[in-house]
Every structure is written in structure tokens, then in C-alpha cells.
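User: I would like to learn how to read the features of a structure one at a time, with the general idea before the particular case. Could we begin with the model shown here?

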Amino acid sequence: MIYVKKILVTHKLPGNYLNEIKNYEVKIRPENENSEKWLLNNIKDANGILITLTDKIDREILNYAENLEVISTYSVGYDHIDVKYALSKGIRVTNTPEVLTDSTADMIFGLMIAIARRVVEGDKLIRNNKWEAGWYPQFMLGTDVSGATLGIIGMGRIGRAMLQRAHGFNMKCIYYSKHRHDVDAEYVSLDELLQKSDYVALCMDYNKETHHFMDYDKFLKMKKSAFIINGTRGKVINENDLIKALDNKIIKGAALDVFESEPLNSENPLTKMDNVIVTPHLGSATVETRDKMAYVAVKNLINILSGVEPIYEIKNIS
Ligand code: DGY
């Protein structure tokens, strides 16, 4: 009897890459089934799983898996996977970096301009028929981006892509990261970055060390005129502290694409503040990028199942 390896896919992906998989049994989760339950019910004899960042792969689920060789996540982030435990069981883990760097940096940079120049507020004003006074010198003044100081926390791929964009806007760029990098920006201490930046962009990974990295004490160190921009993971900010800092006018505003709990509820106080922009985790959400991510995620999975090196692999975790 021929042994056919089994693959579970939790979400339909863009492109035709899944249809091109031959010689494997591919099971895609029916849309009406809860992803977690479906995985629990099916993972026992699966050889590979292709998941997204909304699928939590913890010890419990991994203990059900008897044949699992690879977890391929359709994301660069892997904080939803207990990677240490997976690796200890000999299960390999892959992700989709690089292909989403530019689209994510575009989004974060765009959010920074949008909050500084009150783009969303202006749009709402017109839609609500509140643009009554016309143009006048003090009308809806925002804050300059060009020439301002951008402080980047975390100098990985997205931090570097932010730098590239910031140089085009003549921004003074400073950064803080665990290590120094060979980049065209000044390395400063965290306190100096918080004190000097007009915009603080969070570009670090989310992990135990960066959980609630930005808390009230750190907001207190920022300029009152500064903005915080987050496109990495919501949990790098203590959201209650951010709300308090915004309420108390400790900082000027925030542009957020990610939240402590997603989807963000419209009752969340952040949605009521004019000096806050919220978008629903759209960093990599372009047609082109999501297609490339699908290619990489499928290729990573199939390569490992067929004994070939994947394009990307998470080999260890600190
Ligand atoms: C990722 O891939 O981790 C991103 O958050 C998706 O936008």
C-alpha cells in the first residue's frame, strides 16, 4: 500500500498553490468549522499543517499530533506557535519573512503620515458634513513628518525598510535594538529614543521579553507632542496604559494596526479618540504580498515533507 502524507490547511489561500500540490492528501478546513476544534479533531495523523497567525498551536494541540513533521505558518510572526515545544518534538517550523517586508513598512509609514496629517479625521469631517468653515489658516493643523525625528525600536527587516522610507522624507533617524546594526541611523539608548523622537515606531518581534514593552512609564518619557506607531503585534503595548497616556495627554496620538486582542471591539476606548487611527491588522494585506506569502508557505511545507530544504525555517528560539 502506498503511504500518502496528510496535510491540513486551516484557511483557503490566495493563488493556486494549494491546487498544485500532488501526491499528498490535502484537507482544507470547511469555513463553517471552528479552526481550533477542526485542528484538534484532525491533527493526530497529519504530517504537515499550514496555518495562519490566528491559529494557536500550543502544547495541548501538539500532544495530539503523532506524525507531524512541519508547521508552516502563513505569516512572518510565530508568537502563536509554541516553537520551543514543537522543535523539542522534532517538528519543524517555517514562516514567510521578506516577501511582506515592503508592504508592511508601507502600511506603517502610511499610518504615521495619516496620524500626523489627520487624514482619517479630515475624511470623517467631510463625510459627516462638518466641513463648514472652508479653508482658513488655523484649520486642522497637523504635524510635520518631513524633517522630524523617527525613533525605531527593533532593527530587523521592517525596521530597515522603515529607515529607507524615512530617509526619503529627510527624517532624522535614531534606533534602539538589542544589538547595534550597520545601518544609516544613530544607535541610542531606549530612554534617549523615547525622549527625542517625534514618532516612535515599534518594529520589534513579539515575545516574552517584549510583552507590554511600552507601558505607562515609557509613555511618560516620550515628548507630549509625539506619536506612537505600532504595526508589529498588539501585545508589545500595554493597551490600558496607552489609553491612559492618551487620555492624560502624555503623548499626542497613536496609529495602530495591531491590538492586544483581535478583532478589536468597536467599544474599545481607542476607537473613540480623534488622535488615534486604528486599522484591522492590514500590514501585509496587498494582493501581491498575500500571493507571495501563499507561494512561500506552500513551498516551505512541501519541501520539508519531500526532504528538501524550505525557503525559510525557524531553527531556534531564544
Ligand atoms: C505576520 O505575517 O506576522 C503579519 O503580522 C501579517 O500581517
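This is a predicted model: local features need pLDDT of at least 70, side-chain atom pairs count only at pLDDT 80 or more; totals for chains, interfaces and linings use all residues.

Analyst: Helices and strands are DSSP runs numbered from the N terminus, a helix having at least four residues and a strand at least two.

User: Which bond joins E262 and P263?

Analyst: As a general idea, most peptide bonds are trans. In this structure a cis peptide bond joins E262 and P263, with omega about 0 degrees.

User: And how should I read phi, for instance at N170 and K249, and where do these residues lie?

Analyst: Most residues other than glycine have a negative phi. In this model phi of N170 is near 60 degrees, a positive value, and N170 lies in the loop between α6 (157–168) and β7. For K249 phi is near 55 degrees, also positive, and K249 belongs to the loop between α9 (239–247) and β11.

User: Are N170 and K249 buried or exposed?

Analyst: The cut-off for exposed is over 50% relative accessible area. N170 is therefore exposed, its relative accessible area being 63%, and K249 counts as exposed at 61% relative accessibility.

User: What would a buried residue look like, taking I108 as the case, and which residues does I108 touch?

Analyst: Buried means under 20% relative accessible area, so I108, at 3% relative accessibility, counts as buried. I108 sits in helix α4 (residues 101–116), and, leaving aside residues up to four places away in sequence, I108 touches I158, M162, I229 and G231. I108 and I158 are 50 residues apart along the chain, while their C-alpha atoms are separated by 9.4 Å.

User: Which strand holds T73, and what does its side chain contact?

Analyst: T73 lies in strand β4 (residues 70–73) and counts as buried at 0% relative accessibility. The side chain of T73 makes a polar contact with the side chain of S75, at 2.8 Å. Beyond residues up to four places away in sequence, T73 touches several others, including I51, L53, H80, T94 and A297.

User: Turning to salt bridges, how many does the structure hold, and how should I read the one between R127 and D123?

Analyst: The test is a side-chain nitrogen of Lys or Arg within 4 Å of a carboxyl oxygen of Asp or Glu, and the structure holds 18 salt bridges. In the pair R127 and D123 the N to O distance is 2.5 Å, and both residues lie in helix α5 (residues 119–127), 4 residues apart, which is about one turn of the helix. R127 counts as exposed at 65% relative accessibility, whereas D123 is partly exposed at 36%.

User: Which parts does the salt bridge between K172 and E186 tie together?

Analyst: The closest N and O atoms of K172 and E186 are 3.4 Å apart. Because K172 lies in strand β7 (residues 172–176) and E186 in strand β8 (residues 186–187), the pair ties together parts that are 14 residues apart in sequence. K172, at 44% relative accessibility, counts as partly exposed, and E186 is partly exposed too, at 37%.

User: Where do D198 and K223 lie?

Analyst: D198 and K223 form a salt bridge whose closest N and O atoms are 2.8 Å apart. D198 lies in the loop between α7 (190–196) and β9 (199–202), and K223 in the loop between α8 (216–221) and β10 (227–230), so this pair ties together parts that are 25 residues apart in sequence. D198 counts as buried at 19% relative accessibility, while K223 counts as partly exposed at 28%.

User: Finally, how is the protein divided into domains, and what is the count of salt bridges between them?

Analyst: Domain 1 comprises 6–97 + 288–305, and domain 2 comprises 101–278. Their centres, taken over C-alpha atoms, are 32 Å apart, and the contact takes 5 residues from domain 1 and 4 residues from domain 2. The area buried between the two domains is about 470 Å², with carbon and sulfur atoms giving 47% of it. On the side of domain 1, D79, P97 and T289 lose the most area to domain 2, together 69% of what that side buries. The count between the domains is 1 salt bridge, and D79 forms a salt bridge with R233, the closest N and O atoms being 2.9 Å apart.

How values were computed. Residues are numbered from 1 along each chain as its sequence is written. Side-chain values use heavy atoms; hydrogens and water are left out. Domain bounds come from an automatic or database domain assignment. Contact means heavy atoms within 4.5 Å. Buried area is the accessible area (1.4 Å probe) that two parts lose on being put together, summed over both. Buried means under 20% relative accessible area, exposed over 50%, partly exposed in between (1.4 Å probe, protein chains only). A polar contact is a pair of N or O atoms within 3.5 Å; within protein, one must be able to donate a hydrogen and the other to accept it, and residues adjacent in sequence count only if both atoms are side-chain atoms.
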